[in-house]
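Please look through the sequence and the model below before reading on. The paragraphs that follow go through charged pairs, nonpolar cores and strands in turn.

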Amino acid sequence: MHRVASSGSNGGSVRNRKEKKLTYVLNDANDSKSSVSGDQSYLFTGSRDGTLKRWAFDEDASFCSATFESHVDWVNDAALAGESTLVSCSSDTTVKTWDSLSDGVCTRTFRQHSDYVTCLAVAAKNSNVVASGGLGGEVFIWDIEAALSPVTKPNDTMEDSCSNGSNGVGNSQPVTSLRNVGSSNNISVQSSPSHGYTPTIAKGHKESVYALAMNDAGTMLVSGGTEKVLRVWDPRTGSKTMKLRGHTDNVRVLLLDSTGRFCLSGSSDSMIRLWDLGQQRCLHTYAVHTDSVWALACTPSFTHVYSGGRDQSLYLTDLATRESVLMCTKEHPIQQLALQEDSIWVATIDSSVERWPAEVQSPQKIFERGGSFLAGNLSFNRARVSLEGLNPPPAYKEPLMTIPGSHPIVQHEILNNKRQILTKDAGDSVKLWDITKGVVVEDYGKIPFEEKKEELFEMVSIPSWFTVDTRLGCLSLHLETPQCFTAEMYSADLKISGRPEDDKINLGRETLKGLLGHWLAKKKHKPKPQVLASGDILSVKDTKKNLNASKSEDSSTANDPVYPPFEFPSVSPPSIITEGSQGGPWRKKITEFIGTEDEKDFPLWCLDAVLNNRLPPRENTKLSFFLHPCEGSNVQVVTLGKLSAPRILRVHKVTNYVVEKMVLDSPLDSLAIDGASVSGGPQQLFAGNGLLPSGSKPWQKLRPSIEILCNNQVLSPEWSLATVRTFIWKKPEDLILNYRVAIAR
């Protein structure tokens, strides 16, 4: 604490450029991986948290065998191209390819789209051809063999990963994509050069694209979206061959038969249409649903179609006879369907995926049980039947299997200690998170969120050093410089042993150290460069630079460990999303760093803080105040105007300052307390928490017990100055504190 002049500060500095931010995403799910046999069928799902998962099955149980993590926004679609290449698209505007049988290796990232990428289409018998469409109205046709570059290191996506995407419009609900693959296939990473590769562009859409479909040979592509029309393309050239009209609302889903002659379309107008592309006309219209149709899955013979949508119902329709039967009903709208043998996987807008019975090879067996109805061609007739309660009962009541998912967070509150966040998920479960450790410290179950928030209220004021959002369904914490370095706490408050209790701990820097702890350990133990090869010359300048860098790294990593309050878990660790100086944004789990990542990958301000303990200039770390005696008090303090101290300074430190600066002209037992005489001797007035310099009079070696007040309220010794200003003073003017000798109680 020191005195400052009464004049204001000389203003803050202006930053010339916007620094890149670092985001870390917390995960509460058990992300453990299980081994599987060599001959295994898989189901792939993608979700709003930006990850894809590979599921394997053991009798009636399912388990996650791999998590694919690189997207930084919702995964909107996924498809298998060939035997082992998984393709995914996301609201982060990227399309990614993966080795589907690996532990999560992303082999390439494509960034040509300007907006959310919403849909994919693949050619079943030409695995090199993949099409992607998005909200920007763009349709790209990719030659995977020509575009796919070889993987040069274990997880070579550091410069190829995704951008953070943007908040706002687009898919407002999570999407789960379903595909099947056999694991007995050999993995073959394509090694054709991709430098300078440009995809084929299908130009013509003026608005958003929501649906794509391709025939097996990859010679015909159909697209649809908000323009309510179907466009047919030649994927080999990108040229448009026809445009089909008929739907009265957005086209949401498309299917092509293997030859490319027949096309099924589902729309927000609640209708399903069957098109003959050779005749360029609509053959049939099926009024099956009472609301938007979002998902279609057709039998291999293209004679029967399973459909689902916003009306939460799954139907099976015979395309020739127009008979339909209600298969099952759900509690949420259906977004994706995938057929597998004699069952169908159903994904809704909630986080679980269910497997239901389905006669894929002999669908007529379902109609033989009865309960079918005729799907007319007028949607209002179908809606009338539904409103009148004439719907037949569903064919199936219970699913064969359920893969439960994690409920997304729908509500959160940052607590005043700025280290904990209270959350509530879609299942009404309330949890308390410690964001400096990345873990759930308390799971309260289903309790009132607001009541728990009030119960956890603390009278403490700490600067906001991070921002948070739950757009991915989980906690995403954003750190930006210099804001993330504004919050400090004393080591004693964090219960850090081995350091003086008054040492100030910067929450932002220590959290960064915790997040990069695995990287620091790998970097520290990485072998030093070997002697240069014959003929190479290392300049004096380079040598000095390397030595200085080595000293800086060694001193920071060896002598400045990660403190326990900032240790992140190795089980279900958080993921980092950020952008370096080269390439694009990327995402990776903190336990997957290999130590070679550098300033090309991490923002420079992060490395400066972690490696060199160098923080940017900070403002508002001090708080100015005046210190006056209470009215009527005889205790006087030698002070010269305005005082300044760290915002986190405790009130008991102000008390000590008052005692040190007191002017005591007579023994304390003659002092009055607010004008009242003192009784009982000086022992009742002294705290005995320190001594004045040697040579003082005996009565001066005892310290009086002092109270600090603000707005006539006695302050707790443990409150900080920032807490007093926020909760007690509540004025824009400089804080005014008063002191007096404590009244004996």
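**Charged pairs, cores and strands**

Lysine 588 and glutamate 597 are both buried, where buried means under 20% relative accessible area, exposed means over 50%, and partly exposed lies in between, all with a 1.4 Å probe and protein chains only. This is a predicted model, in which local features need pLDDT of at least 70 and side-chain atom pairs count only at pLDDT 80 or more, while totals for chains, interfaces and linings use all residues. Residues are numbered from 1 along each chain as its sequence is written, and side-chain values use heavy atoms, with hydrogens and water left out.

The side chains of lysine 588 and glutamate 597 meet in a salt bridge, with an N to O distance of 3.7 Å; the term stands for a side-chain nitrogen of Lys or Arg within 4 Å of a carboxyl oxygen of Asp or Glu. Side chains of opposite charge can pair when their charged atoms come close. The structure holds 22 salt bridges, among them the one between aspartate 502 and lysine 653, at 2.9 Å from N to O. That pair links distant parts of the chain, 151 residues apart, with aspartate 502 in the loop between β38 (488–490) and β39 (504–506) and lysine 653 in helix α9 (residues 651–661). Here helices (H or I, at least four residues) and strands (E, at least two) are DSSP runs, numbered from the N terminus. Aspartate 502 counts as partly exposed because its relative accessibility is 38%, and lysine 653, with a relative accessible area of 26%, is also partly exposed.

A further salt bridge joins lysine 642 to aspartate 734, whose closest N and O atoms are 3.0 Å apart. Lysine 642 lies in the loop between β42 (622–629) and β43 (643–646) and aspartate 734 in the loop between α10 (721–729) and β46 (735–741), so this pair ties together parts that are 92 residues apart in sequence. Lysine 642 counts as buried, at 9% relative accessibility, whereas aspartate 734, at 29%, counts as partly exposed.

In soluble globular proteins, nonpolar side chains tend to be buried together. A nonpolar core is taken here as a set of buried Ala, Val, Leu, Ile, Met, Phe, Trp, Tyr and Cys residues joined through side-chain atoms within 4.5 Å. The largest such core has 42 residues, of which Tyr24, Leu477, Leu479, Leu512 and Ile576 touch the most other members. The elements that give two or more residues to this core are β2 (22–25), β37 (476–479), α5 (507–515), α6 (517–524) and α8 (604–612), and α8 gives the most, with six residues. Setting aside neighbours within four places in sequence, leucine 512 is in contact (heavy atoms within 4.5 Å) with Leu22, Leu479, Phe485, Trp605, Cys606, Ala609 and Val610. A second, separate core of 29 residues includes Val635, Ala645, Ile706 and Leu737.

Among the strands, β5 (residues 61–69) is mostly covered, with seven of its nine residues buried. Strand β4 (residues 51–58) pairs with β5 in the antiparallel sense over eight bridges, pairing being counted if DSSP finds at least two bridges between two strands. Leucine 52 stands opposite phenylalanine 68 in β5. Two residues lie between the strands of this hairpin, in which glutamate 59 takes a positive phi near 55°. Glu69 is linked with Arg587 and Lys589 in a network of salt bridges.

Elsewhere, an open sheet of four strands runs in the order β15-β16-β17-β18, with antiparallel pairing. Its edge strands, β15 (209–214) and β18 (239–245), each pair on one side only. Strand β17 (residues 229–234) pairs with β18 over six bridges in the antiparallel sense, and aspartate 234 stands opposite serine 239 in β18.
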